[in-house]
Amino acid sequence: MQQRYHRKRAFQRSAIGSTLVLLLCAPLSWAGDEATSELSMPQTVGDTQFASERDAVMWRQQELKDIESLVRQLRFDLVNNQDVEAAAPRLTELQERATAQQLLPAFIAGTHGGGSEARASIWEEWSEFAAGFTDLEDKITQLVEVAEQGDTRDTARALSEVGASCKSCHRAYRYD
């Protein structure tokens, strides 16, 4: 019982820290009014924090590889070791990094081809592409909630849903 309390407190502290980081570091490039939940498509490098289109492509490739690695580490922590406490910092990091707000600014219009694995359909289907990140964020939130409850089977299932969300976007929008 005491261990469950400590896990819950660790998650609460992580959630507070995550919220503060997101509030302080989030880009302010939301499209339209405050009710809009989709980021606008960056049209030029000037719409982003990147120095060049190539920098944006290289950053997003590395960031997505890091997120993939993080998910693999979480599988080890949550499924193999069944250690929610050890996974808490990684879960927080995943929530911070795998967001539309964090990643979409790196998808500057037309940054496909020439070293990019991105398909041109990203920019043709921007709303659907952006919605994939919303789905991913929802799946990660579910994972955190289930992991906090400590049910190993449900946690493994929720982690698989995160992976499925990633894969569905990769199938549609990335050259392998």
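Axes are lines fitted to C-alpha atoms, for helices over the stretch in contact, and angles run from 0 to 180 degrees between N-to-C directions. This is a predicted model, in which local features need pLDDT of at least 70 and side-chain atom pairs pLDDT 80 or more, while totals for chains, interfaces and linings use all residues. Residues are numbered from 1 along each chain as its sequence is written, and side-chain values use heavy atoms, without hydrogens and water.

**View 1. Packing of H6 against H7.** Helices are DSSP runs (H or I, at least four residues), numbered from the N terminus. The axes of H6 and H7 lie 8 Å apart, at an angle of about 170 degrees. The pair is therefore roughly antiparallel (angles over 145 degrees). Residues of H6 that meet H7 include Phe-129, Leu-136 and Leu-143. On the H7 side, Leu-159, Val-162 and Cys-169 are among them.

**View 2. Helix H7 and its cover.** H7 covers residues 152-173. Buried residues (under 20% relative accessible area, 1.4 Å probe, protein chains only) include Thr-155, Gly-163 and Tyr-173. Helices H2 (53-80), H5 (121-124) and H6 (126-149) are among their cover (contact: heavy atoms within 4.5 Å).

**View 3. Two cysteines without a bond.** The structure holds zero disulfides (cysteine sulfur pairs within 2.5 Å). The sulfur of Cys-169 is 8.2 Å from that of Cys-166, too far for a bond. Cys-169 counts as buried, at 17% relative accessibility. Cys-166 is partly exposed, at 21% (between 20% and 50%).

Terms used:
Helices (H or I, at least four residues) and strands (E, at least two) are DSSP runs, numbered from the N terminus. The expected span of a helix is 1.5 Å times one less than its number of residues. Angles under 35 degrees count as roughly parallel, over 145 as roughly antiparallel, 65 to 115 as roughly perpendicular and the rest as oblique.
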